[in-house]
Each structure stands twice: as structure tokens, then as C-alpha cells.
Amino acid sequence: MDPKSQRVKFNDGHFIPVLGFGTYAPEEVPKSEALEATKFAIEVGFRHVDSAHLYQNEEQVGQAIRSKIADGTVKREDIFYTSKLWCNSLQPELVRPALEKSLQNLQLDYVDLYIIHSPVSLKPGNKFVPKDESGKLIFDSVDLCHTWEALEKCKDAGLTKSIGVSNFNHKQLEKILNKPGLKYKPVCNQPARLLCPWDSPDKNTGVDCHALLQGIFLTLGSNLHLSHRQEGSLQLAPPGKPPHLSLQDRVECHPYLNQSKLLEFCKSHDIVLVAYAALGAQLLSEWVNSNNPVLLEDPVLCAIAKKHKQTPALVALRYQVQRGVVVLAKSFNKKRIKENMQVFDFELTPEDMKAIDGLNRNTRYYDFQQGIGHPEYPFSEEY
């Protein structure tokens, strides 16, 4: 299976490759590695690149994309690039300037997808995660429908091809879908990698990128912990007959939290559900409940992996792909970047899928306790 041909269609007519390359890295990783890893990912076949203003690497990622265009590896239209609107810019008048800042850093004319990083709005300003003297987050009050209208204007202006959301629950999705005068449905809801500098903030931005990992609904990925998008209504597109999709919803989703109710809701509304933390939280044990099981050590996953001569990680990824998932795989290791392409090299049986379905235990690794109390905190709802 050629991963380049595996795309799904949004309701606005644009396509998103089912396999994506995630570009977040902790603070201690030199920004130059994002540049080199992104270039290599494009060289080995990735055509979907995911980043965000919050990751503070869009300059390097943009340079990588432009270099691969310049050397003839790809054309701009071959690359699907996603950026994200951070929580301190949800006021309508701040939306377009935030996107223009990303485009300036990228040195690109447009992004393919621009999404609201999280429904939890924070105080506008220079700090990504503003805190009061007691260390609590300083929230902001924003009507998400007004934020959405600002995104619609960005789409009309040609700054982004498609618009979507991240970490929205079903009621928040309904709020957008039922908005009077809705012009464009979100094409997706995906858990974007949120970085939340709770400690040791950068002196200029207030961001501690390592602490950011703890952040709001993080979507960190590597070959051990990949960031993935599960889409509820998303189907792999057969040649000549792509599925018709509307909204994309990005949420934590893995065999221990398979989001079946949210998935069904999204399917019923023609919404693409995108999954993050598809491999659990093995790399972030200091920030998650230590009592939570390690997903990739699950005996069922391991047995299925052994049967297919694959790794448990690839089995977990393939499970999402077969449910209709756009997969964001993050690693700066060249060997792993290549290995992540192997998600298309095997197929799970119906029995395998049923067995993995049976692992669901509604275990959430990332519940963003710091956001509790915000009126738009998304995890108070069942789905």
C-alpha cells in the first residue's frame, strides 16, 4: 500500500493524508533536529506534517518543507501542513494575527489545516500559559462560536484551506454545528499537542517545553509514544471514491480509551475524529497516574504483535487506521521514522480488532486537571 495514496476527504473537498509526521520535541532537543527530521520524513514518503505555534519550531519545519520543494522532492500542493491556534489567542480579533504569525515563521502562503488547539481559553498576552501568584492558570472567557467565525474568515482569506477543532467534547461540537449562520463545518477535531509551561518557563515566552508536555491534551508522538488522530467518520479512501467528511475532532484515543461513544457521535454528524496518545503515555509517567497500566505491555497487544511479526506500537497504530484514523507518528530517529511507514504493511483480522476493542477500560492518561473550573473544560462530559 502506497501511503501517499492513503488520503481522506474533508467536507470542503480537500484531502488529508492518513499518515502524518508530528514535529513536537522537548525543550532540550535542538531546533535543528526538527529541521533535519522533517526533511527526512518527507524524503521517505510523509506528506502530512503537523506542528503548532506553541511548539516554537515552525521556522525550522517551514524551512524543511521549503527545502524539499526547492530540490524537487515535492511540490507545495503535495504537502499537507497543520498548524494550531493556541489558547491565549481565542479572542476573535487575535485569531488572524496568530495565523499570520505562523505563516511568517513558516514562510508559507497558507496552511492546509488550522485548528483550535483547545476549547480552554487563557488570558491573552505574551505568555503561553499565564498563571497567577498561586500558580493557577489565568483563564479567559470566550464564546467559541465567535472564535470559529474568525477561523471561517481566515479560510475565506485563503490563509488556510481547512479549519477544525481539537479536544472538543460532543456538546462543544454541537455548539459549533448548531451555530446560527454557520458557514463551514470544522473538518476535524484532533488532539493537538499542547505545551503547558507550568514550571521553569522560558524567559521570553514563559514556556518550559518539557513541562509543556504535561499540557492540555498533549499529542506527543514517537515510535514509543506516537501522536495519532482517530477519525470517527473517516474511512480510507478507495481510488476515485473518497469519503465525504465534515468536522474533525481530535481527542485522546487508544485501546484503553477507545472513545466509542464520541466516535459514533462524530460518525452521525459526518465528523472526522482524530486520535492522539494512541500508544498511551509511556514517556510521561511523571505526569500521569502511576496506577495506570502501560498500554504497550498489554498481553493482548503483545500476542497480536507476535502473530503479525510487528511491534505492539505498530499494532496499536494499525488498530486506529482500520477504524478510520489519521495517524500522526512523531520521532526524530531516522530508523523509527521509516518504521512508522510500516503501519500500511499488514492488516489486523476482524478477530484482532474485536480483541483490541475489548481492552477498553475508559482509562484517560491526560485529563488536564489544571483546566478544571474553566467553563469549557472538555473532560467533565462522558464523551
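Let's start with Ser89, found in the loop between strand 5 (80–85) and helix 3 (92–106); helices (H or I, at least four residues) and strands (E, at least two) are DSSP runs, numbered from the N terminus. This is a predicted model, in which local features need pLDDT of at least 70, side-chain atom pairs count only at pLDDT 80 or more, and totals for chains, interfaces and linings use all residues. Residues are numbered from 1 along each chain as its sequence is written, and side-chain values use heavy atoms, with hydrogens and water left out.

- Ser89 has a relative accessible area of 14%, so it counts as buried (under 20% relative accessible area, with exposed over 50% and partly exposed in between, using a 1.4 Å probe and protein chains only).
- The side chains of Ser89 and Asn88 make a polar contact (3.2 Å); the term means a pair of N or O atoms within 3.5 Å, where within protein one must be able to donate a hydrogen and the other to accept it, and residues adjacent in sequence count only if both atoms are side-chain atoms.
- Leaving aside neighbours within four places in sequence, Ser89 is in contact (heavy atoms within 4.5 Å) with Leu94, Val95 and Ala98.
- Ser166 lies in the loop between strand 7 (160–165) and helix 5, and is buried at 0% relative accessibility.
- The side chain of Ser166 makes a polar contact with the side chain of Asn167 (2.9 Å).
- Leu85 is 81 residues from Ser166 along the chain, and their C-alpha atoms are separated by 9.9 Å.

**Helix 8 with helix 11**

- Helix 8 (residues 299–308) and helix 11 (residues 350–357) pack at about 160 degrees, their axes 10 Å apart; axes are lines fitted to C-alpha atoms, for helices over the stretch in contact, and angles run from 0 to 180 degrees between N-to-C directions.
- That angle makes the two helices roughly antiparallel (over 145 degrees; under 35 is roughly parallel, 65 to 115 roughly perpendicular and the rest oblique).
- Val300, Leu301, Ile304, Lys307 and His308 of helix 8 meet Asp352, Ala355 and Ile356 of helix 11.

**Helix 5 with helix 7**

- Helix 5 (residues 170–177) and helix 7 (residues 260–268) pack at about 15 degrees, with axes 11 Å apart, and are therefore roughly parallel.
- Their contact is made by His170, Leu173 and Glu174 of helix 5 and Leu262, Phe265 and Cys266 of helix 7.
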